[in-house]
Amino acid sequence: MKKIVSCSQMKNLDRHTIEVKKVPSLVLMERAALSMAEEMVKEPGRLQNTLVVCGMGNNGGDGAAIARILFLWGYQVSLLFLGNPEHMSEETKRQKEICDSYGVPETNNPCWNEYTTIVDAVFGIGLSRNVQGVYQEMMEQINQSGAYIWAVDIPSGINGDTGAVMGMAVRADETVTFAFAKAGHYLYPGTSFCGKLHVKDIGIYMEPDDRETYLHCPEISDFKCFPERKKDGNKGTFGKILIVAGSCNMAGAAYLSARAALLTGSGMVKIHTVEENRMILQQLLPEALLYTDSEKNREERKKMWQKNLDWADVVVVGPGIGQEQRARELTAFYLKNCRKPMVVDADALNIISAEQHLKEFLGNHCILTPHMGEFSRITGISISKLKENPVFYARRTARTLGAVCVAKDARTVTALADETIYLNLSGNDGMATAGSGDVLSGILGGLLGQYKAFAMAAPLGVYLHGLAGDEACRTVGKRCMTAADILQGLAAVLKKIEE
């Protein structure tokens with residue numbers, strides 16, 4: 001599991017290394033500069049004429065050290081310092097003095113379009129207010145220069161915690177960060193300004209007993225904790241999943257969710273849907289059991305619903321059920337009566353948003369999977385506000401509702417009730433297609449039926465869903481991708497994981 005740190009956590013780790021581990025800050029700065037210079041010279045053709053733009057903080061010190069190293073390696077390099085010299089940090093002053101002693105050229109009035117490479121070492125992760133004035137002008141010049149742009153730590157103007165653009169930002173081709181990636185490197189829009197990201201080890205580490213709440217990013221190696229298939233198992237061994245999905249003219253949602261649950265390894269899947277979907281689903285998915293509501297009276301129907309609930313190990317409720325009276329009754333019934341692992345998706349979330357009293361039945365057995373529109377409705381917060389800091393709002397929602405919150409977006413954030421946060425890095429924009437969320441609900445249901453560590457089922461399911469989308473992208477491309485392609489990608493990915 002990859003760990004990502006916030007800006008304050010990175011500063012604490014840096015301070016701990018210097019003050020407790022007794023590693024001088026200049027040593028860390030030298031290691032950072034050397035690691036970046038080594039990346040840059042892998043493409044020496046771009047270094048015909050390089051400008052390193054430095055701010056007054058320690059990011060500028062990194063930049064000065066990079067310029068000196070490249071200069072001593074024989075490359076044509078110039079330094080540009082921006083800001084009030086009286087505000088220059090002690091480490092940056094020292095690095096400037098070293099550059100002066102070696103004769104590294106400085107410029108005060110660069111001709112921006114003459115440079116083949118520009119290094120942005122102005123702000124780093126310490127930026128706390130919008131860029132303006134001479135800094136804004138400088139960033140505009142860098143972005144319009146036509147040079148290949150490298151960013152030190154993070155492109156200047158990007159918020160290291162949220163990925164927000166602080167008024168103006170440098171658009172880098174490559175970014176080199178140190179010790180750990182920060183959330184702003186991966187959250188949008190910041191990630192689109194970073195270009196290719198390199199994370200370099202410079203000697204800053206977490207302590208084994210460190211209890212800080214970091215962001216976690218699932219990786220392929222995390223699937224090693226998947227339970228092995230029991231060789232003497234039967235269809236009941238691998239989970240019985242009840243998919244409460246579909247309505248008239250919405251059979252697809254039920255099919256996609258149920259098919260995903262089966263492909264994920266579920267032993268038995270039952271679809272609870274409307275009678276109009278019977279023929280369609282029996283033809284599309286004969287492997288699934290089927291229960292359709294009849295014309296029986298309400299009390300008799302609820303007895304059958306309870307029988308289905310008693311049968312199931314896991315319940316998925318919401319995909320394509322609509323928001324009519326039947327859907328509201330279904331959602332209320334399963335929320336009130338189910339204490340088994342439950343995925344609450346799509347229309348069920350919209351019904352909860354409209355009937356707020358249903359929130360009291362949510363708990364640590366529930367995984368909520370809202371996309372940004374549903375997330376806005378269930379929290380009462382605008383989509384634009386949620387996108388400004390999805391980590392914060394996912395964490396707050398999970399804590400308030402006592403449930404797992406999977407806030408779906410280009411970078412899906414999964415927040416557990418204990419405030420552990422997972423940021424998903426798999427997937428692509430081709431997955432922004434109808435039915436993709438239904439596939440995710442089925443994957444989650446399938447994993448919950450087999451995977452006893454409830455907390456890990458959500459982040460691993462989201463990651464697996466993204467991997468399936470990436471596999472589909474390789475097969476059919478982003479523009480042509482459909483939810484059915486993601487299902488095919490899911491099968492291919494799970495086969496690779498098992499091999």
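**Sheet strands, a helix pair and one threonine**

User: How many bridges join strand E5 to strand E6, and which way do the two run?

Analyst: Three bridges join E5 (residues 148–152) to E6 (residues 174–178), and the two strands run parallel; strands here are DSSP runs of at least two residues (E), helices are runs of at least four (H or I), and both are numbered from the N terminus, while two strands pair if DSSP finds at least two bridges between them. The model is a predicted one, in which local features need pLDDT of at least 70 and side-chain atom pairs count only at pLDDT 80 or more, whereas totals for chains, interfaces and linings use all residues. Residues are numbered from 1 along each chain as its sequence is written, and side-chain values use heavy atoms, with hydrogens and water left out.

User: Which residue of E6 does Trp 150 stand opposite, and what about Ala 151?

Analyst: Trp 150 stands opposite Glu 174, and Ala 151 is placed opposite Thr 175.

User: Is E6 buried or exposed?

Analyst: Five of the five residues of E6 are buried, so the strand is largely enclosed by the rest of the structure; buried means under 20% relative accessible area, exposed over 50%, and partly exposed in between, with a 1.4 Å probe and protein chains only. Both faces of E6 are covered, with Glu 174, Val 176 and Phe 178 buried on one side and Thr 175 and Thr 177 buried on the other.

User: What joins E6 to E7?

Analyst: Five bridges join them, and E6 and E7 run parallel; within E7, Val 199 is the bridge partner of Thr 177.

User: What is the strand order in the whole sheet?

Analyst: The sheet is open, with six strands in the order E3-E2-E4-E5-E6-E7 and parallel pairing. Strand E3 (77–81) and strand E7 (196–200) stand at the edges with a single partner strand each, so one side of each is left without a neighbour in the sheet.

User: Switching to helices, how do H11 and H12 pack?

Analyst: H11 (residues 325–337) and H12 (residues 346–354) pack at an angle of about 90°, with their axes 10 Å apart; axes are lines fitted to C-alpha atoms, for helices over the stretch in contact, and angles run from 0 to 180 degrees between N-to-C directions. Contact, which means heavy atoms within 4.5 Å, is made by Ala 327, Arg 328, Thr 331 and Leu 335 of H11 and by Ala 348, Ile 351 and Ile 352 of H12.

User: And where does Thr 397 lie?

Analyst: Thr 397 lies in helix H15 (residues 390–401), and at 9% relative accessibility Thr 397 counts as buried.
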